[in-house]
Amino acid sequence: MFKYLFGPVPSRRLKMSLGIDLIPRKYCSLDCVYCEVGKTTCLTTSRREYYSQKDIKDEIKAYFKENPDPDYVTFSGQGEPTLNTCIGDIIDHVKEIRPQIPIAVLTNGTLLTDKQTRKAILNADVVLPSLDAATEDCFQKINRPAKGLSAKDNIRGLCRFRSEYGGQIWLEVFILPFYNDSEKELEALKKAVEKIKPDKVQLNTLDRPGVLPYLQKAPLSLLEKIKREWRENKVEIISAVPITVNNISRKKDVEAVILETLSRRPCTAEDLSRMTGFHINEINKILSELREEKKIKVSFLERGNFYSINDK
């Protein structure tokens, strides 16, 4: 297993994506109530080289010597990737050895007020920032930001990045009932989107367990209503991951991929089946064995049974 790379994993937006994780677990500028990775352990806006870029580059080289190309190389993972000051160098490194693979950066967008942060990711092919709130009250409630961040500055940073960046911007708007689904909040979000001018607006909602209990998934009818009212042909509702058969063939390989994936986000057996291409019955057998070995745990929730790494 690699330390900084994970996957490839199926993505609703990026097909089969090889992830690069530049940040320790849950180092982030936000502590979003819905985050599938869990509660932020270090709430910070401090940018530095958290991991050795040489070590990361060595892993990338080693991966591509032995594995087929993914659809995307994606900077994401367990924290906010733009916190790492070497992200620009790593993007350039991937471009050098695999120029044909598009690079994506998943970011909460809060650090784009900083000129150096914006400059660092200009060579990415697509940047996928998030925007869940356009009013200060909602920003504090749903995103729980680090000190010094504000909804107004967040939107300003996204607008500045749009003016400087020539690639694609796919703006994710995460709709969470009782947080940002009121007429007031949705109208403010609509106005913010019009200012930012992304290439796509992707409406999303809860799919896995969040930080707080009892969070609710937005119904499809609400997402469709938002799409109609925003009157944007570039607005889309993110659909489920299509079934994709990976090149994993051995049970040992599947176990490794499952553990690697669950260390970063909870998944259902169906998620893992789609990711690996293994039949759901085989996945359930492996999950049962991993539970008996106390390597993973399961949470029985209304939306399904979600497996995660057992940290105890």
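Arg-13 is buried, at 18% relative accessible area (buried is under 20%, exposed over 50%, partly exposed in between; 1.4 Å probe, protein chains only). This is a predicted model: local features need pLDDT of at least 70, side-chain atom pairs count only at pLDDT 80 or more, and totals for chains, interfaces and linings use all residues. Residues are numbered from 1 along each chain as its sequence is written, and side-chain values use heavy atoms, with hydrogens and water left out.

**Salt bridges**

- The count is twelve salt bridges (a side-chain nitrogen of Lys or Arg within 4 Å of a carboxyl oxygen of Asp or Glu).
- Arg-13 pairs with Glu-172, with the closest N and O atoms 3.8 Å apart.
- The two sit 159 residues apart: Glu-172 in strand 8 (168-174), Arg-13 in the loop between strand 1 (5-11) and strand 2 (15-21). Strands (E, at least two residues) and helices (H or I, at least four) are DSSP runs, numbered from the N terminus.
- Glu-172 is also buried, at 14%.
- Asp-153 bridges to Arg-156 at 2.4 Å. They lie three residues apart in helix 5 (151-164), so about one helical turn separates them.
- Asp-31, Lys-39 and Arg-144 form a salt-bridge network.

**Nonpolar cores**

- The largest core has 52 residues; Ile-20, Phe-75 and Trp-230 touch the most other members. A core is a set of buried Ala, Val, Leu, Ile, Met, Phe, Trp, Tyr and Cys residues joined through side-chain atoms within 4.5 Å.
- Helix 6 (183-196) gives the most to this core, six residues.
- Another core, of 19 residues, lies apart from it and includes Tyr-34 and Ile-142.
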